[in-house]
Amino acid sequence: MADTLRRLANTSSFSLLQNKLESWHQDYHIISCEQNLNRCCELIELTAKIQGQLFSILNLTAAGGGPYAGVDTLKTRLLPWLGSCFSMAKPTITDDASLQLIQDSVEKDRKLRELSASHENDMQKMETQLCSVRLQLDTTRAELSAAHNELDETKSKSATTLLATEDEILQLRADLRSAQEKVEIYKRKLDALDDYEHQIRLLRNEVSYLSTEKAMLHERVMRSRSPSPLPRLSCSSSPMRSESPTRAQLTNSSRHARLVSRFSDLYAVERLEAQTLLRRYIAELEMVQKIIFIAAVESFKTAKLAYRQFKLHVKKTLSVSHYGPESLEDAAVDYIVRNLDLYDVQDSVNSVINAMNVNPRISFPPEVDFAFISTLIRETCRVAFAMQTLDPPLDLAFASDGELYNDSKYRRSYDSEFAAPLVMYHVWPALVEGSAVIVKGEAVTRRGALMSRSRSRSSSPVRSRSLSPTRSLAFNSKRSSSPGRLTSSCL
């Protein structure tokens, strides 16, 4: 009896019955009618099982107490309860159905036991797997800690290596800077050496020239002391030249190459800078290129005129005290070559700007002043003035809109029509030496160039607007150090 009671207590049947009642109460209004009936039958079956076990315990307890023990309890409690139960209507269930229900209950109990056994097996398997996973996790943790230790060691080694590398890099940079400084020093020394060599060559030429001049003067003095001196002839009446070349003649080829290179630089540097500056105020690229071309042409014209005036005044000043051995023409050119800084380039710049202000081929907005491109005009005037000292001098080729395109004088611009035979307008003039082209210019060729030229002439009136303050200042500025103001003391 005690074993049966212990089993009944261990199975917690009443707790299970209470849980099922609470679960059914919560789901009563959710599940269907058939499911409610099934749960009710399940509870009745569970109650019957519990009652069966209690009756077995009651039987065993009554048998253990003897024939008369517990009679009063059975009479007062069990028999009245059984009487009230059996006095109810007889159930409609048959004995076969009751037997079937008992069999089903036994079958369910068996299945529950099997499920419990399988569940215990699964739990054991899961515990085994959990133990193996824990072992693997411990192994992985150990490997991770070892990897962390290796990483720390690698970091420390890398930091040490990096510090050493940074020190080496700093040292190499210092060595590089010192090497660059040495290279710069050597370059400066080399440039200074080149300058010294150039000055030595010039001094040698000067010495040669002065030696020749001294010999000529000594010969002239000796002739003047002779009893029958020859009549003194001025160099102006004698076209003969001295056998010793002047400085201008000695440096003619080098100055020629330098000036040609400088003219190319004007096209590549100063012209593009002026074009970029004018494009801020003038939208048409054609008008900007025309302005730059006319500025170059007018600069050459003004520089050539200034050179002629300067040369005439130099010859006039030198004719008073010049006695050879070179001709007066050579002496004047040699003096100009030596004193190119006496050229009043600002006066030429003002003259070019005034000529451009009244040129009917170009137009510009009121806020634009040609003084914006004074740098281009100034450098072009200097180059043109120096080109006149060459023998033969360099000049610009004649150019006119609508002329036949000449491939030996010009190259077409990128936006030209390459099949067009006529020049629409010029971008940059060509540099010539006599009839030979030294540097090609640039021109734009398009079809119908003559028609567009006639239209532009008929539709471009001469501008008659007041000068801006900058232009009026340039127009009314006084000429300083002009060729007419040179004195013999400066020469």
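Which residues touch the most other members of the largest nonpolar core? In this predicted model, they are Ile-291, Met-356, Ile-377 and Leu-431, and the core holds 56 residues.

## The nonpolar cores

Helix α8 supplies the largest share, with 15 residues. In soluble globular proteins, nonpolar side chains tend to be buried together.

Ile-291 shows what such a position looks like. With neighbours within four places in sequence left aside, Ile-291 contacts Leu-278, Ile-282, Met-356, Ile-362, Ser-363, Phe-370 and Ile-373. Another core lies apart from the largest one and has 7 residues, including Tyr-405, Tyr-410, Val-423 and Ala-443.

## The sheet

Three strands form an open sheet in the order β2-β6-β3, with mixed pairing. Strands β2 and β3 are at the edges, and each has a single partner strand, so one side of each has no neighbour in the sheet. On average, neighbouring strands are turned by 35° against each other, direction ignored.

Strand β2 (residues 410-412) pairs with β6 in the parallel sense over 3 bridges. Here Arg-411 stands opposite Glu-442 of β6. Strand β3 (residues 423-428) pairs with β6 in the antiparallel sense over 4 bridges, and His-426 has Ala-443 in β6 as its bridge partner.

Why is strand β6 (residues 441-445) described as largely enclosed by the rest of the structure? The reason is that 5 of its 5 residues are buried. Both faces are covered: Gly-441, Ala-443 and Thr-445 are buried on one side, and Glu-442 and Val-444 are buried on the other.

Helix α7 lies across β2, β3 and β6 and runs at about 95° to β3. Helix α8 packs on the sheet, where it touches β3 and β6, and its direction makes about 60° with that of β3.

## The α2 and α3 pair

Helix α2 (residues 13-27) and helix α3 (residues 33-64) have axes that come within 11 Å and cross at roughly 165°. Angles over 145 degrees count as roughly antiparallel, so the two helices are roughly antiparallel to each other. Their crossing is left-handed.

Residues from both helices make the contact. Among them are Phe-14, Leu-17, Leu-21 and Trp-24 of α2, and Cys-40, Leu-43, Leu-46 and Ile-50 of α3. The contact also includes Lys-20 and Asp-27 of α2 and Arg-39 and Glu-42 of α3.

Definitions and conventions:
Residues are numbered from 1 along each chain as its sequence is written. This is a predicted model: local features need pLDDT of at least 70, side-chain atom pairs count only at pLDDT 80 or more; totals for chains, interfaces and linings use all residues. Side-chain values use heavy atoms; hydrogens and water are left out. A nonpolar core is a set of buried Ala, Val, Leu, Ile, Met, Phe, Trp, Tyr and Cys residues joined through side-chain atoms within 4.5 Å. Buried means under 20% relative accessible area, exposed over 50%, partly exposed in between (1.4 Å probe, protein chains only). Contact means heavy atoms within 4.5 Å. Two strands pair if DSSP finds at least two bridges between them. Axes are lines fitted to C-alpha atoms, for helices over the stretch in contact, and angles run from 0 to 180 degrees between N-to-C directions. Angles under 35 degrees count as roughly parallel, over 145 as roughly antiparallel, 65 to 115 as roughly perpendicular and the rest as oblique. A crossing is left-handed if the near helix is turned anticlockwise from the far one by less than a right angle, and right-handed if clockwise.
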